[in-house]
Amino acid sequence: ATGGTMMRSLPVVLLLLPLLLLLLTTTTTTNAFVVTPRRSSYNSFSLDYIKNNKIHTNSKDGRIFPTTTTTTTTTTAYSKTTTARPALLDALNLVVANEGGGVLTNDNIKTAVSVATFFPQPFWTLLVFLPNTKFTKKLMGGMEIVTLCCLVHFFIVVASIAQPNGSAPIAEFSLVFDPAGDSQAGMVNMMRYPNFVSEEWSHVLTWDLFVGRWIWLDGLRRNIFTPHSVLLCNFIGPPGLLLHWITCAVTGKGILIENEATDILEQDEEE
């Protein structure tokens, strides 16, 4: 009974985990004032004053005037956004630290990006060149490989947030979803952060493998040729799925498969 309760609670925990990470990355806004002195006027337009800072000669009649300078002060208010380093992640990094430094470091992020890049490639090779072998079916039939990629991506996210400016991209991410703004410019601006690039790259690689595996499974179920679609999915993602639908249409298998939630819907209606 205890095991069953834990299994029922697991989805709730998984749903709350992203919310917890979001709460850990708070942003604060501080106001500051800059006082800027500005020399606004002189009693003459002669450049001689600039040379000696004492007197100047009027260029028209040669008379000498004492220097009179007035200074105005302009106060400019500006808003500066800063990001608060998550205290819990600081503590976590301290706990896992050793003499050579913590685990949640930029060097380890770079290593994780290499893992996220090259680890999936052998499995793509199996899906493309050996899609019907028993070995490929046993290895890729489950979600273990995709889950490992998810864990690598999760490490990159946590380690990136744990850096001093790690949550800065999160504060700027709202600009991307501003209907009145420029989403493309917002993304370009966020790409200034190396760790955001790391997160996005591993993000893309993981979901490409997830979709490529689904295409391969659909091909097995309905006897559809999929290597070309899976390969394109590895290269540029979503167009691989579109190519799979085109292949389905050309081979007479149907562009879209049936609603996978039909059985669940029927059960709901019976209840």
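Reply: M143 sits in the loop between α6 (134-140) and α7 (144-161). Helices here are DSSP runs of H or I with at least four residues, strands are runs of E with at least two, and both are numbered from the N terminus. The model is predicted: local features need pLDDT of at least 70, side-chain atom pairs count only at pLDDT 80 or more, and totals for chains, interfaces and linings use all residues. Residues are numbered from 1 along each chain as its sequence is written, and side-chain values use heavy atoms, with hydrogens and water left out.

M143 counts as partly exposed because its relative accessible area is 34%. The scale is simple: under 20% is buried, over 50% is exposed, and partly exposed lies in between, with a 1.4 Å probe and protein chains only. Areas come from the Shrake-Rupley method with a 1.4 Å probe; for residues, only the protein chains shown count as cover.

Now a contact partner. R213 touches M143, along with L127, M140, G141, G142 and V146, leaving aside residues up to four places away in sequence. Contact means heavy atoms within 4.5 Å. R213 lies in helix α10. With 9% relative accessibility, R213 is buried. G141 is 72 residues from R213 along the chain, yet their C-alpha atoms are separated by 8.4 Å.

Stay with helix α10. R222 and D218 both lie in it, four residues apart, about one turn of the helix. Their side chains form a salt bridge, 3.0 Å from N to O. The criterion is a side-chain nitrogen of Lys or Arg within 4 Å of a carboxyl oxygen of Asp or Glu. D218 is buried, at 2% relative accessible area.

The structure holds two salt bridges. E172 and R192 form one of them, with the closest N and O atoms 3.6 Å apart. E172 is in helix α8 (residues 168-176) and R192 in the loop between α9 (183-190) and α10 (194-222), so this pair ties together parts 20 residues apart in sequence. E172 is buried, since its relative accessible area is 17%.

Next, the cysteines. A disulfide is a pair of cysteine sulfur atoms within 2.5 Å. The count by this rule is zero. C150 is in no disulfide; its nearest cysteine sulfur belongs to C149, 7.0 Å away. C150 is partly exposed at 31% relative accessibility. C248 is buried at 0%.

How far can the model be read? pLDDT is the predictor's confidence in each residue, from 0 to 100. The protein averages 74, and 62% of the residues score at least 70. Over residues 1-85 pLDDT stays under 50, and the model has 95 contacts beyond four places in sequence for them. Residues 95-100 also stay under 50, with two such contacts.

Finally, the whole protein. There are 13 helices and four strands. Of the 271 residues, 29% are buried. Among contacts between residues at least 6 apart in sequence, 64% join residues at least 24 apart. The accessible surface comes to about 17,900 Å², and 65% of that belongs to carbon and sulfur atoms.
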